[in-house]
Amino acid sequence: MFTLAEVASLSDIQPTYRILKPWWDVFMDYLAVVMLMVAIFAGTMQLTKDQVVCLPVLQSTVNSKVQPDIAGKADFTTVETTTGQEEASMRTVPFGSAPTVTPDILLSRATSSQYQPTESDQELKKEQKDSSGRKTNLDFQQYVFINQMCYHLALPWYSKYFPYLVLIHTIILIVSSNFWFKYPKTCSKIEHFVSILGKCFESPWTTKALSETACEDSEENKQRLTGAQSLPKYVSTSSDEGSPSASTPMITKSGFKFSADKPMIEIPSVTILDKKDGEQAKALFEKVRKFRAHVEDSDLIYKLYVGQTVIKTVKFIFILCYTANFVNTISFEHICNPKVEHLIGYTQFECTHNMAYMLKKLLISYISLICVYGFICLYTLFWLFRIPLKEYSFEKVREESSFSDIPDVKNDFAFLLHMVDQYDQLYSKRFGVFLSEVSENKLRGISLNHEWTYEKLRQHVSRNAQDKQELHLFMLSGVPDAVFDLTDLDVLKLELIPEAKITAKISQMTNLQELHLYHCPAKVEQTAFSFLRDHLRCLHVKFTDVAEIPAWVYLLKTLRELYLIGNLNSENNKMIGLESLRELRHLKILHVKSNLTKIPPNITDVAPHLTKLVIHNDGTKLVVLNSLKKMTNVAELELQNCELERIPHAIFSLSNLQELDLKSNSIRTIEEIISFQHLKRLTCLKLWHNKIVSIPSSITHIKNLESLYLSNNKLETLPAAVFSLQKLRCLDVSYNSIAVIPVEIGLLQNLQHFHITGNKVDVLPKQLFKCVKLRTLSLGQNCITSIPDKVSQLLQLTYLELKGNCLDRLPATLGQCQLLRKSGLVVEDHLFDTLPSEVKEVLNQDTGIPFANGI
């Protein structure tokens, strides 16, 4: 895992990771280098000079005596020295006849030592006779042999292996200090972090964001000193803590309050970002977001660093304990008993270790270094457990930079930032810019305005079905400023723009009356809100959760139409999360597409002036409908896809009801239809897409009924009571199982639209053609075999559907239908070809009459 080059040059082991090495790690690295030098120095000396020198110890105790060797005999002479040290150094005991110790040398030593013969010479000679040295003429080899044996037997092991132990310990400490930089599961995260941190530090966007913040702070301080109270305000719907400023007022769910906020002042750009810098900054924001999500889910780096610190501490204690016991074993003098008396003649030798002094000094130095190293390890452990390093707060950075939405981080991300702070806290401040959503939104705004210019937006403006100028913006990072320069725009649609902000410039759009917010919780400044409150007439809001509805929506006093599409139920469907609509005093149309189990009670706040209520329930059963009774002014009511099984009784109290639509429910019987006689203004009844099997005769009591829609049911017959409704202008019974059209249909002299497509009709009664006001006649997908010639009586007919029947020809009298043209004739091509050529010419004429089918 570690190469020799990395161990040798520790100072350059990880130059890019130096920002993650606090002062104690750096200091320990230098201590490791010194310990490594001690090991190398001691090892070099041992390899070159480490040895012992041994001399035999006589059997009898003699103090300071030397016996010279004369005439080749094994004589021993003991010379008394003046000091104890000279006695040890001058003692010479040759094995047998030692040619290296001559009488002249002994004589000179005796002379230099001022040796004087005494009366004890006789005793010395006696003792010399008792010596048992063996003469082999191999004196030098004997000395080498004894020195080698005693080096291994008498010399303590610590004196021999001290340099190697220091080297091994130092390498282990080096590995422990840098293991978290090498371990695969941590080094990748560290590499990404260091790379991202360096790019964030040097990014031009960081400088620009901090510079603009400084400008904003200075302007805010000026305004605070001057006490400006008449400056514009902001209105914000964000309920998150990540707002542009801690003082930015929010419209919360608990109430609606406005307060002064930072003024709208154009801050001059300190740094102009080109397109390349902007793209790099956006890429950095994305990298930081992904890196945070990847690193915050674990604390492996923190645990590994704590683990290697604990290992170094345990290592320090272990080294200190056993080394202190071996300090005194390193000695200059040693006694050796090699058990080679049969070769030499002596059993005991006294040896000197020439490296003892230097090794002892090196050992003391090593112990001192280890103590310092250990104290630093203990301090590191104290720092690791003194504060929660798995949590990092940007509170100070938020206060200094005014980016109040910089989130606090945790786990490994927090630990890495704590380590960086030990190197330089400026890194965290600059890095925090890329954690701020406000900063990211500013960058997106700059890029957005560069991309979406006025000319480009003008190209996306189109005309809708109402012939109004409409602009639809989809999945942008924000609302471009140039949008508010489109002063002639009528409809503005914003879809999937989570950071949309409507500024005061919207007051230029005097023609704007309709706004669509699809999954777009837009924030609105105070001036912009005032404009919308006075000019906006129609608002469409599409959302996933009710909390996404902007709070300022409930304050639009002049709003006429409100369309809410999304889940209005809160958690567990226990309550409706819709806010009060009391402020919407001019609301006339309310369209709710949701999954309600009851009509929200807040809707009753607008009940007195509401004229149209539409509820599309997406298949959820609507149970509680009592709130409908309070909507006495409702003229149009639609309850679609609400799983209703009968006509709700609450509807019968709506005296002003003109149109009722109960489409896509589960209604099987409509016996309650007799109660509709009290609804004198009811003119349109839509019961289509249900399961109705019959029409009760009591339907005749709805005298003012003009439109009746019963398509997509299970009807088999049409009762005569239906044709007693003299005011009926539109009758739709398509896609049922009706086999016969009653002859009473001729009574409907005001009938203009008749639809019976998708049934089982095989014969058309002649009375049908007495309805001379018919403009639309849909007879497709039946079993009709012929069309009577009396079809020519329908002079106002503009649309005739015959496709999907059993016809073999078309009557030539179709040419007498003056308003019928080929575009309004839906029939097979081969049947059209059966018509006479003059009829074809008449039908092919273009009179420019608009087509209308009455649905």
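This is a predicted model: local features need pLDDT of at least 70, side-chain atom pairs count only at pLDDT 80 or more; totals for chains, interfaces and linings use all residues.
Reader: Which residues have the most contacts inside the largest nonpolar core?

Author: The core in question is a set of 134 residues. Nonpolar side chains tend to be buried together in soluble globular proteins. Within this core, the residues with the most contacts are F676 and F754.

Reader: Which helix gives the most to this core, and with how many residues?

Author: The helix spans residues 526–535. It is α19, and its share of the core is four residues.

Reader: Which residues of helix α8 are buried?

Author: Helix α8 runs over residues 184–202. A residue is buried when its relative accessible area is under 20%. In α8 the buried residues are T186, C187, K189, I190, F193, V194, I196, L197 and C200.

Reader: How far does α8 reach from its first C-alpha to its last?

Author: Helix α8 has 19 residues. At 1.5 Å a residue, the expected reach is 27 Å. The computed reach is close to that, at 27 Å.

Reader: Is H609 buried or exposed?

Author: H609 sits in the loop between β15 (589–593) and β16 (612–616). Its relative accessible area is 19%. The cut-off for buried is under 20%, so H609 counts as buried.

Reader: Which residue has its backbone oxygen 3.4 Å from a polar side-chain atom of H609?

Author: Leaving aside neighbours within four places in sequence, H609 is in contact with L584, R585, H586, L587, K588 and N633. The backbone oxygen 3.4 Å from a polar atom of the H609 side chain belongs to R585.

Reader: What is the phi of S664?

Author: S664 is in the loop between β18 (659–661) and β19 (684–686). With a relative accessible area of 26%, S664 is partly exposed. This residue is not a glycine, yet its phi is positive, near 55°.

Reader: What is the relative accessibility of Q781?

Author: Q781 lies in the loop between β23 (776–778) and β24 (799–801). Although Q781 is not a glycine, it has a positive phi of about 55°. Q781 counts as partly exposed, because its relative accessibility is 44%.

Terms used: Residues are numbered from 1 along each chain as its sequence is written. Side-chain values use heavy atoms; hydrogens and water are left out. Helices (H or I, at least four residues) and strands (E, at least two) are DSSP runs, numbered from the N terminus. Buried means under 20% relative accessible area, exposed over 50%, partly exposed in between (1.4 Å probe, protein chains only). A nonpolar core is a set of buried Ala, Val, Leu, Ile, Met, Phe, Trp, Tyr and Cys residues joined through side-chain atoms within 4.5 Å. A polar contact is a pair of N or O atoms within 3.5 Å; within protein, one must be able to donate a hydrogen and the other to accept it, and residues adjacent in sequence count only if both atoms are side-chain atoms. Contact means heavy atoms within 4.5 Å. The expected span of a helix is 1.5 Å times one less than its number of residues.
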